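Thank you for making time for this today.

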Amino acid sequence: VYLLFLPGWLEDAALFAAIDNSINAVSWSEWPEPLKDRHPGALKDIYENQKDFIENFMAQQFLFEKQWKRVRSHAQKLGISIMGDMPIYVGYHSADVWANRKSFLLDKNGFPTFVSGVPPDAFSKTGQLWNSPLYDWKSMEADGFAWWVKRIKRALDLYDEFRIDHFRGLAGFWAVPSGSEVAMFGSWRAGPRNAFFDALFKAVGRINIIAEDLGGDNRRCC
């Protein structure tokens, strides 16, 4: 039995980093199938073969956590609140997507079917193409938005309050077909809306979130 004492996110991050360190590939979709699809035997082999790398990775996270808690504790004694910043989307080549494929709009081979961005506006005639994979909100809702709940709880471990970038994407988001060179040919889709916040408040309670509204206007909510 390996890595069972770790928080889930750290186990995924450590394994992802170890594989990425040992394989020369642009993204996890190019890894050998047993690793791409997280076969238990293949992950166990990586842990055994990359044990030193993984233990160093975990040690660094442990030391950061310990040092950060000291910083935050000192700030609280001085009456200082620490604010964090959370991008609404995550990168494709990440432990988040690799370990939670059902939570993203991916095809059977693990490639994004649609990616993130915003339509044409005063800042860009062709829109902004961010190319992050989009969430499969229906799948996420089916398990109570468990991935997001864990993400929010982790943020609360680190900060007193935090901003969610592109907050309006939780109401409606711009979906661009994967492979597009510009964002102008996307379409609007409904976000999770109230179901997301209902599940979040049930799991976490009332929290301090600052909502970024695309144009840079930040507002406290929740």
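This is a predicted model: local features need pLDDT of at least 70, side-chain atom pairs count only at pLDDT 80 or more; totals for chains, interfaces and linings use all residues.

Residues are numbered from 1 along each chain as its sequence is written, and side-chain values use heavy atoms, with hydrogens and water left out.

Let me start with the chain as a whole. It has eight helices and eight strands, where helices (H or I, at least four residues) and strands (E, at least two) are DSSP runs numbered from the N terminus. For 222 residues, a compact globule would have a radius of gyration near 17 Å, and the chain, at 19 Å, agrees with that; the radius is taken over C-alpha atoms, and the globule rule is 2.2 Å times the number of residues to the power 0.38. Along the principal axes, the C-alpha atoms fill a box of roughly 50 × 50 × 30 Å.

Of the 222 residues, 43% count as buried. The chain exposes about 12400 Å², and carbon and sulfur atoms supply 52% of that area, which comes from the Shrake-Rupley method with a 1.4 Å probe, where for residues only the protein chains shown count as cover. If we take the contacts between residues at least 6 apart in sequence, 64% of them join residues at least 24 apart, a contact being heavy atoms within 4.5 Å.

Now to helix 8, which covers residues 194-204. Which of its residues are buried? They are Phe 196, Phe 197, Ala 199 and Leu 200. Looking down the axis of helix 8, the buried residues fall within an arc of 165 degrees, so they line one face of the helix; the arc is that of the directions from the helix axis to the C-beta atoms. On the face turned away from that buried side, helix 8 carries the exposed residues Asn 194, Asp 198 and Lys 202. The cover over the buried residues of helix 8 includes helix 6 (137-142) and helix 7 (146-158). After helix 8 comes Gly 205, with a positive phi near 95 degrees.

Asn 131 has a positive phi of about 70 degrees, but Asn 131 belongs to strand 3 (residues 128-133) and, at a relative accessible area of 43%, is partly exposed.

His 93 is in the loop between strand 1 (83-87) and helix 5 (95-99), and is partly exposed at 30% relative accessible area. Leaving aside residues up to four places away in sequence, His 93 touches Phe 16, Asp 20, Val 26, Ser 27, Trp 28 and Trp 31.

Ile 82 lies in the loop between helix 4 and strand 1. Is Ile 82 buried or exposed? With a relative accessible area of 15%, Ile 82 is buried, and its contacts, again not counting residues up to four places away, are Trp 68, Arg 72, Ala 75, Tyr 159, Asp 160 and Glu 161. Phe 62, which has its place in helix 4 (residues 51-77), counts as exposed at 54% relative accessibility.

Finally, Ser 187 is in strand 6 (residues 187-190) and is partly exposed at 33%. With residues up to four places away in sequence not counted, Ser 187 touches Phe 173, Trp 174 and Ala 175. Between the C-alpha atoms of Ser 187 and Lys 77, which are 110 residues apart along the chain, the separation is 48 Å.

How values were computed
Buried means under 20% relative accessible area, exposed over 50%, partly exposed in between (1.4 Å probe, protein chains only).
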